[in-house]
Amino acid sequence: MAEKVLLTAESKAELEKRLEDLKGRGRAEMAAKIEEARSFGDLSENAEYDLARDEQAKMEREISDLETMLHNAVVIENVRTDSVGVGSTVSFAMDDKEYLEYQIVGSQDSDPVNKKISNDSPIGKALLSHKAGDEFRAEIKVGNHVTRRHFKIIAIH
């Protein structure tokens, strides 16, 4: 059974748009590129043709991956605020020093720079199912080593 892919509604719409673009404009442009490369002569020694076919294969893999992802997509809708779950925005302290706030999202939507971390990330996993006010310790992998961190959940939005 294929693994479900957790997505926000916005991410799902973006992936659907990308898929539509690849299937329409992308395939048409690729066909034109292959046809142009064919016109250069002997296909057995035609680097442009080989490159175009490789690009086509890469694009078709992306199309297949997007179709699979969208087929297995579960849109995050009912965001909980009683405990940390996918879709929750969590304010927490780490090691009583750092005050952080992140939204817990599926791995496809992960974007730490924009304060979105995956439910599969070390910190995301540590936060899941905890409630506001909970204090706990969790081991998280940082680089090549594991470190034990203290967490305190301040609020769940």
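1. In what order do the strands of the open sheet lie? The order is E5-E4-E3-E7-E6, in an open sheet of 5 strands with mixed pairing. Its edge strands, E5 (116–118) and E6 (135–142), each pair on one side only. Neighbouring strands of this sheet are turned by 50° against each other on average, direction ignored; the axes are lines fitted to C-alpha atoms. Two strands count as paired if DSSP finds at least two bridges between them. Strands (E, at least two residues) and helices (H or I, at least four) are DSSP runs, numbered from the N terminus.

2. On the basis of the model: it is predicted, so that local features need pLDDT of at least 70 and side-chain atom pairs count only at pLDDT 80 or more, while totals for chains, interfaces and linings use all residues. Residues are numbered from 1 along each chain as its sequence is written, and side-chain values use heavy atoms, with hydrogens and water left out.

3. On strand pairing: strands of a sheet pair through backbone hydrogen bonds, either parallel or antiparallel. The parallel sense is found between E4 (residues 98–105) and E5, over 3 bridges, and Ile-104 stands opposite Ile-117 in E5. E6 and E7 (residues 145–156) run antiparallel and are joined by 8 bridges; Phe-136 has Phe-151 of E7 as its bridge partner. The hairpin of E6 and E7 has 2 residues between the strands, and Gly-143 there takes a positive phi near 65°.

4. On two loop residues: Asp-96, in the loop between strand E3 (89–94) and E4, has a positive phi of about 55° although it is not a glycine. Asp-96 counts as exposed because its relative accessibility is 60%. Ser-129, in the loop between helix H3 (122–127) and E6, is likewise a residue other than glycine with a positive phi, near 75°. Ser-129 also counts as exposed, at 57% relative accessibility. Exposed means over 50% relative accessible area, buried under 20%, and partly exposed in between (1.4 Å probe, protein chains only).

5. On helix H1: this helix (residues 9–38) has 30 residues and reaches 42 Å from its first C-alpha to its last, close to the 44 Å expected at 1.5 Å a residue; the expected span is 1.5 Å times one less than the number of residues. The buried residues of H1 include Leu-15, Leu-19 and Leu-22. Strand E1 (5–7) and helix H2 (47–71) are among the elements covering the buried residues of H1, where contact means heavy atoms within 4.5 Å.

Notes:
Axes are lines fitted to C-alpha atoms, for helices over the stretch in contact, and angles run from 0 to 180 degrees between N-to-C directions.
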